[in-house]
Amino acid sequence: DRTRHLAAAATAVHTAACDILGREFGDMHGPLGLAPTSSPEAARLCAALVERAHAIERDAFRTLGHAAARAHSATRILGTARAALKLKRARVAALVPDLEAALEGCVDGTMGLAHQAAHADTLQSKIADAERAAGGAEIAVVMEETRAAQEEAEASRLLCLAADNLGVMAKDDLAEMRSYITPPRLVRTVVEAVCVALGGPTDWEQAKTFLLTGDEASLRARLLSFDIRRLGVAPGVLGERLKRFTSAKSFTPNAVAQVSRAARSLCEWILDIVKYLAQQEVAVLAAHRASMARKNAERREAEVALCQRAYEGLEGSVKSLRGAYEASLSIRAGLEVALAETRAEVD
C-alpha cells in the first residue's frame with residue numbers, strides 16, 4: 001500500500017512539473033526532461049519538482065524492496081509453519097492408533113477382569129461344593145469306621161462265646177477218640193471240621209496225630225488260640241469250607257453227643273466258629289467300606305486343596321490383570337491429553 005501511495009505521489013509531482021513547464025516553455029521532451037528556459041525561477045521550481053519526484057521514486061523503490069524482503073520472510077515463515085502443521089498432523093495421526101490400542105487394551109482388560117471374576121465365582125462355588133462333599137465324606141468315614149468297629153466287636157464277642165461254650169473234655173473221651181481206627185461218621189466229620197478250622201489235614205490218621213496228640217489241656221489251648229489271621233485265608237472262604245460239614249442236618253451237639261461227649265464239645269466249638277467267621281466277614285467288609293470312605297474323604301480334601309490353590313493362583317492373575325488394566329487406563333488418559341493438546345495446537 002505504501003509503495004502504491006508513493007508511486008501515485010511521484011506521478012502527481014511529475015504531472016505538476018510537466019504542467020508548469022508546459023505553460024512556460026511548451027511541451028516537454030521526454031518524461032522528465034527539461035528544455036532550456038529563460039525563467040530562472042521556473043527552472044528552479046521545475047528542478048525542485050523533478051528532484052522531489054526522484055526522491056519519491058527512490059523512497060518507493062526502497063519501500064518496495066523492504067516489502068519484497070518481508071514477503072520473502074513471510075513466505076519462509078509460512079513454509080516453516082506449514083511444515084510444523086504437517087508434523088503436528090502426523091503426530092495426531094500417530095496418536096490415534098496408540099489411543100485406539102489403549103482403548104482396546106482397556107476393553108480387553110475389562111473383559112479379562114469380568115472373565116476372571118466369573119471364573120473366581122465358579123471356583124468359589126466349587127470350593128463350597130467340595131467342602132460340603134468333604135464334610136459329608138468325613139461323616140461317612142466316621143459312620144463306616146464306627147460300623148466296622150461294631151462289627152469287629154461283635155465278631156470278637158462271638159469268638160469269646162465260642163471259647164466260653166467250649167465244654168470240658170475228659171481225658172478218657174479223648175483217648176476213646178484216638179482209639180478209633182474207623183470212627184463213627186459224626187465223629188469223623190467233627191474232627192475233620194476242626195482240622196480244617198485249624199489248617200490241618202483231613203485224613204483220619206493224620207488228623208488224629210494233628211489234633212488228638214497230647215492231653216485235653218493242649219487241645220483246649222489250641223482251640224482257644226484260634227486266629228483267622230494266622231491261617232492266611234479270608235473268613236468267608238474258611239466259613240464256606242466249614243459249611244460243607246455243618247450244613248448236614250445231623251451236625252448238631254445233641255446228635256454228636258449220642259456218639260461221643262468229646263466230639264460234642266468240638267461240634268459246639270465249630271458251630272460257634274462258623275458264626276464268628278460269618279460275623280468276621282461282615283466286619284472285614286465294613287472295614288473295607290470304612291477304608292474306601294477314608295480314601296474318598298482324602299480325595300475330597302485333595303479336591304478342596306486343589307480348588308483353593310487354583311483360587312489363590314487366580315487371585316494373583318486377577319491382581320496382575322488389574323495392574324495392567326490400571327496402567328492401560330493411565331496410558332489412555334495420557335494419550336487423550338496429548339491428542340487434545342496437539343489438536344488445539346493444530347487448530
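From the N terminus on, the elements of the protein run α-α-α-α-α-α-α-α-α-α. This is a predicted model, in which local features need pLDDT of at least 70 and side-chain atom pairs count only at pLDDT 80 or more, while totals for chains, interfaces and linings use all residues. Residues are numbered from 1 along each chain as its sequence is written, and side-chain values use heavy atoms, with hydrogens and water left out.

**View 1. Overall fold.** The protein has ten helices and zero strands (DSSP runs numbered from the N terminus: helices are H or I of at least four residues, strands E of at least two). Of its 347 residues, 31% are buried (buried is under 20% relative accessible area, exposed over 50%, partly exposed in between; 1.4 Å probe, protein chains only). Among contacts between residues at least 6 apart in sequence, 78% join residues at least 24 apart (contact means heavy atoms within 4.5 Å).

**View 2. Confidence along the chain.** The mean pLDDT of the protein is 80, and 85% of the residues score at least 70 (pLDDT is the predictor's confidence in each residue, from 0 to 100). Where pLDDT is low, the predicted coordinates should not be read in detail.

**View 3. Packing of α4 against α8.** Helix α4 (residues 185-198) and α8 pack at about 175 degrees, their axes 9 Å apart (axes are lines fitted to C-alpha atoms, for helices over the stretch in contact; angles run from 0 to 180 degrees between N-to-C directions). The two helices are therefore roughly antiparallel (over 145 degrees; under 35 is roughly parallel, 65 to 115 roughly perpendicular, the rest oblique). Thr189, Glu192, Ala193, Val196 and Ala197 in α4 meet Leu238, Arg241, Leu242 and Phe245 in α8.

**View 4. Thr246 in α8.** Thr246 is found in helix α8 and is buried, with a relative accessible area of 15%. Beyond its neighbours within four places in sequence, Thr246 contacts Phe251, Ile270, Leu271 and Val274.

**View 5. Val141 in α2.** Val141 lies in helix α2 (residues 40-165) and is buried, at 0% relative accessible area. Apart from neighbours within four places in sequence, Val141 is in contact with Ala293, Arg294 and Ala297. Val141 and Arg294 are 153 residues apart in sequence, with their C-alpha atoms 5.5 Å apart in space.
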